[in-house]
Amino acid sequence: MHTTTALIHSIPVDPLTGAVSVPIYQTSTFVQEAPGVNKGYDYSRTNNPTRATLESLAAGLEQGSTGIAFASGLAAIDAIAKLLQTGDEIVAVDDIYGGAYRLFTQVYEKFGIKINFTDTSNPEHVFNAITPKTKLIWLETPTNPTLKISDIAAIAKIAKAFNCLLCVDNTFATPALQQPLSLGADIVVHSATKYLGGHSDLIAGIVVTKDPELGARIKYLQNACGAILGPFDSWLVIRGIETLHLRIKQHCTTALEIAQFLQTHPAVDRVYYPGLPSHPNHAVAKKQSSGFGGIVSFTLKNDTEAAAVALVSSTGLFKLAESLGGIKSLISHPANMTHKSIPAEKRRAAGVSDSLVRLSIGLEDASDLISDLKQALDQPYTRTTNNHSIQQVSTTAN
Ligand SMILES: Cc1ncc(COP(=O)(O)O)c(C=O)c1O
């Protein structure tokens, strides 16, 4: 059976009523027949039937044993970090999502957990960054926002050799394109706010583990710490997942067209899209995923923050907003938005330059999106680098 058919039919019909849509069990508690005797549910922080349906759906999609749904992607990341003890170390991708950077460095470092950031697109760097205290390797692939690709299978071998857990943030690729657990990772994490939800209408996070015992430890933390996903949002994610494969297919097709257009525009310096043969990790991306995703980033010839700010303020269809993975195309300036919590030198060193612009390609027609980008890129600020023009740009940006 094809994946899409299996996915659609893995969402159960309600056994009580035959409803084809999963019921939203909007309840905090469940009546017990006698103390401790219940139908498998006693309190919705601990377990809820709507959330449980999402959790098993996510586990199936990622080919794992256990799914655990959280109130946000960061709450999901937080639960994984809580597996560690004081003195432990994490080796993490240097071009990490800004919120994960903030969580690791501002919250966990003060509890004595050290983070070694490295360019994980070269497995040798991961090998070199590991110390006897390393317990967790943290990848995003593709990364946010420079779309770096790390070789999951190669790094999984290193993780096994050093007895570390390998966690892959699969938010950008989604299980429709890439299944890290089948490539050797131990844990997959998602900001389900993005493609899994798919409609920019919720905040949610999901963890999936390969090993049921590890899954049980994270499930314990979900209940003990309490950052659970509510029933209605769980239902929205289920509804999003129902069309995931179809949406991703279209996101990928349009994103490639847009990346190819950007490559030809004289104002654009560099285009970041793993589907372009010029991408430095194109071969690895091709090997480990069945498509290249819906995010495209680029830098301007006028490599200034002012030019990028002016550009992101000049598009019409591309809405200037944080987040990604929805049906409406979004444009953002990571240096000022998603990656603001990373100090400028570290951000630049990780490849996030001042003029870098990130696009989340939605489901609009590709030709309309290209026209919108073209009119914004054709404006003079994208190419001029003298101070006079930059001055003008600041005025425009404000
Ligand atoms: C790759 C990645 N992981 C995790 C997160 C955090 O997810 P959330 O915003 O749902 O907490 C984000 C948010 O942008 C992200 O881009």
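Ala, Val, Leu, Ile, Met, Phe, Trp, Tyr, Cys and Pro are counted here as nonpolar, Asp, Glu, Lys and Arg as charged, and the others, Gly among them, as polar. The model is predicted: local features need pLDDT of at least 70, side-chain atom pairs count only at pLDDT 80 or more, and totals for chains, interfaces and linings use all residues. Residue numbers start from 1 along each chain as its sequence is written.

**View 1. Residues around the ligand.** The ligand is surrounded by 15 residues, and Ser 72, Gly 73, Leu 74, Ser 191 and Thr 193 are the closest. Helix H3 (73-81) and helix H4 (98-108) are the elements that give two or more residues to this shell. Helices (H or I, at least four residues) and strands (E, at least two) are DSSP runs, numbered from the N terminus. Four residues of the shell are nonpolar, nine are polar and two are charged.

**View 2. The seven-stranded sheet.** Seven strands form an open sheet with mixed pairing, in the order E1-E7-E6-E5-E4-E2-E3. Two strands pair if DSSP finds at least two bridges between them. The edges are strand E1 (66-70) and strand E3 (114-118); each has a single partner strand, so one side of each is left without a neighbour in the sheet. From one strand to the next, the twist averages 20 degrees. E1 and strand E7 (residues 205-209) run antiparallel and are joined by five bridges. One of the bridge pairs in view is Thr 66 with Thr 209 in E7. Helix H2 (residues 49-61) packs on the sheet, where it touches E1 and E7, and its direction makes about 130 degrees with that of E1. Helix H6 packs on the sheet too, touching strand E4 (134-140) and strand E5 (165-169), with its direction at about 155 degrees to that of E5. Residues are in contact if their C-beta atoms, placed from the backbone, lie within 7 Å. Axes are lines fitted to C-alpha atoms, for helices over the stretch in contact, and angles run from 0 to 180 degrees between N-to-C directions.

**View 3. Gln 222 and its contacts.** Gln 222 is part of helix H7 (residues 212-225). Gln 222 counts as buried because it has 25 C-beta neighbours inside 10 Å. A residue is buried if 20 or more other C-beta atoms lie within 10 Å of its own, exposed if 12 or fewer, and partly exposed in between, with C-beta atoms placed from the backbone. Leaving out residues up to four places away in sequence, Gln 222 touches Ile 68, Phe 70, Ala 79 and Ile 228. Arg 45 is 177 residues from Gln 222 along the chain, and their C-alpha atoms are separated by 8.3 Å.

View 4. In the loop between H6 and E5 lies Asn 163. Asn 163 is not a glycine, yet its phi is positive, about 60 degrees. Asn 163 has 9 C-beta neighbours inside 10 Å and therefore counts as exposed. Thr 174 belongs to the loop between E5 and strand E6 (187-191). Thr 174 also has a positive phi, near 65 degrees. With 28 C-beta neighbours inside 10 Å, Thr 174 counts as buried.

**View 5. The five-stranded sheet.** A second open sheet has five strands in the order E8-E9-E12-E11-E10, and its pairing is mixed. Strand E8 (268-272) and strand E10 (319-320) are at the edges, each with a single partner strand, so one side of each has no neighbour in the sheet. Strand E9 (residues 295-300) and strand E12 (residues 357-360) run antiparallel and are joined by four bridges. Opposite Phe 298 stands Val 357 in E12. Helix H9 (residues 244-264) packs on the sheet and touches E8, E9 and E12; its direction makes about 10 degrees with that of E9. Strand E11 (residues 330-332) pairs with E12 in the antiparallel sense, over three bridges. Leu 359 in E12 is the bridge partner of Val 296 and also of Ile 331. In E12, Val 357 and Leu 359 point one way, Arg 358 and Ser 360 point the other way, and all are buried.

**View 6. Contact between the two domains.** The domain assignment gives domain 1 (12-28 + 37-242) and domain 2 (245-397); such bounds come from an automatic or database domain assignment. The C-alpha centres of domain 1 and domain 2 are 27 Å apart. Domain 1 gives 29 residues to the contact and domain 2 gives 33 residues. On the side of domain 1 that touches domain 2, H4 and helix H6 (152-161) each supply at least two residues. H4 has the largest share of that side, three residues. The residues of this side of domain 1 comprise 13 nonpolar, 10 polar and six charged.

Methods:
Near = placed C-beta within 6 Å. Contact = placed C-beta atoms within 7 Å.
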